Amino acid sequence: MNKNLLEVSIGIIAYNEEANIENLIFAFLNQKLDKVQIKEIIVVSSACHDNTDDIVEKLIEQFPIVSLIKQKEREGKSSAINLFLQKATADNCLISSADVIPEDNVVEILISAFENEKIGASGGRPVPINSRKSLIGFCVHTLWEMHHEMALVSPKLGEMIAFRHLFDSIPTESAVDEASIEQKIKEKGLMKIYLPEAIIHNKGPENFHDYKIQRVRIAIGHQWLAKYWEYQVASGNSLLLIKLFLKQLIKHPLSFHKICLTILLEIYYRMVAKIKFTLTKQNPTIWEIAKSTKNLKTK
């Protein structure tokens with residue numbers, strides 16, 4: 001490895017991702033790199049029972065930097081991340097969900113941020129491939145546009161996060177791994193940075209059942225992090241959320257009713273999450289899969 005390059009260990013956390021895992025690994029193998037060198041790509045398979053493991057093992061035969069960790073039991077994404085962190089050997093890490101596709105400059109952009117010694121974590125801009133024409137697609141795009149606007153004000157990292165390898169674990173009870181990593185970086189006295197030019201394609205839910213699964217799970221995870229680790233993500237700022245919703249109304253005046261529905265749904269899902277977390281003590285570290293978010297195709 002070239003000592004003048006910024007090395008990175010990439011971790012892909014997978015549970016039954018046969019539809020996208022090969023495309024994602026090739027997306028990382030084909031990154032355009034200048035200042036950065038990918039030292040290893042480690043896939044953590046959380047008790048996959050589809051063809052995910054077979055696909056990865058075939059790629060390992062072709063590409064020595066790819067490796068596979070098989071987790072016998074599904075113990076949650078944070079637990080799988082900890083297995084990756086214990087094996088990763090580079091000074092910098094990048095963790096990716098297995099159901100996304102980064103554009104070919106994302107690794108370079110995210111890892112190059114660490115040339116600044118004050119930066120401890122970086123994240124790019126998730127852009128959903130869902131059609132805006134459907135009601136659920138519009139809701140998905142509205143939320144991710146708000147995520148983008150929010151991150152410009154107060155960096156909020158999601159879907160793919162890069163960070164300095166300064167710790168070997170995050171709380172296994174956490175259902176919001178990116179936010180837990182943000183909290184760890186804050187503990188080290190370092191800053192996080194949002195880099196919107198690093199585009200990460202994802203797929204939002206295509207039905208309201210899966211939409212609810214995602215929104216409630218995320219809301220519960222943020223409440224858990226705030227209570228037990230005293231860390232609040234940017235989306236916990238109600239005043240900022242109101243400003244962002246108003247900005248969406250101004251930007252899309254003809255979609256007033258759709259934006260209002262998105263607002264009402266978000267309020268409702270957060271109320272459901274509050275009840276589940278407060279009264280029934282639920283914290284979905286092992287969550288129900290939103291099946292319609294899989295099989296990502298960017299072209």
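**Exercise 1.** Characterise the salt bridge between the side chains of Glu-145 and Lys-251.

*Solution.* 
- Step 1: distance. Glu-145 and Lys-251 meet at 4.0 Å, N to O. A salt bridge here is a side-chain nitrogen of Lys or Arg within 4 Å of a carboxyl oxygen of Asp or Glu.
- Step 2: location. Glu-145 sits in helix α5 (residues 135-153) and Lys-251 in helix α8 (residues 238-251), so the bridge ties together parts 106 residues apart in sequence. Helices (H or I, at least four residues) and strands (E, at least two) are DSSP runs, numbered from the N terminus.
- Step 3: Glu-145 is buried, at 8% relative accessible area. Buried means under 20%, exposed over 50%, partly exposed in between (1.4 Å probe, protein chains only).
- Step 4: network. Salt bridges link Arg-132, Glu-145 and Lys-251.

The model is predicted: local features need pLDDT of at least 70, side-chain atom pairs count only at pLDDT 80 or more, and totals for chains, interfaces and linings use all residues. Residues are numbered from 1 along each chain as its sequence is written, and side-chain values use heavy atoms, without hydrogens and water.

**Exercise 2.** How many salt bridges does a search of the whole structure find?

*Solution.* The search finds 11.
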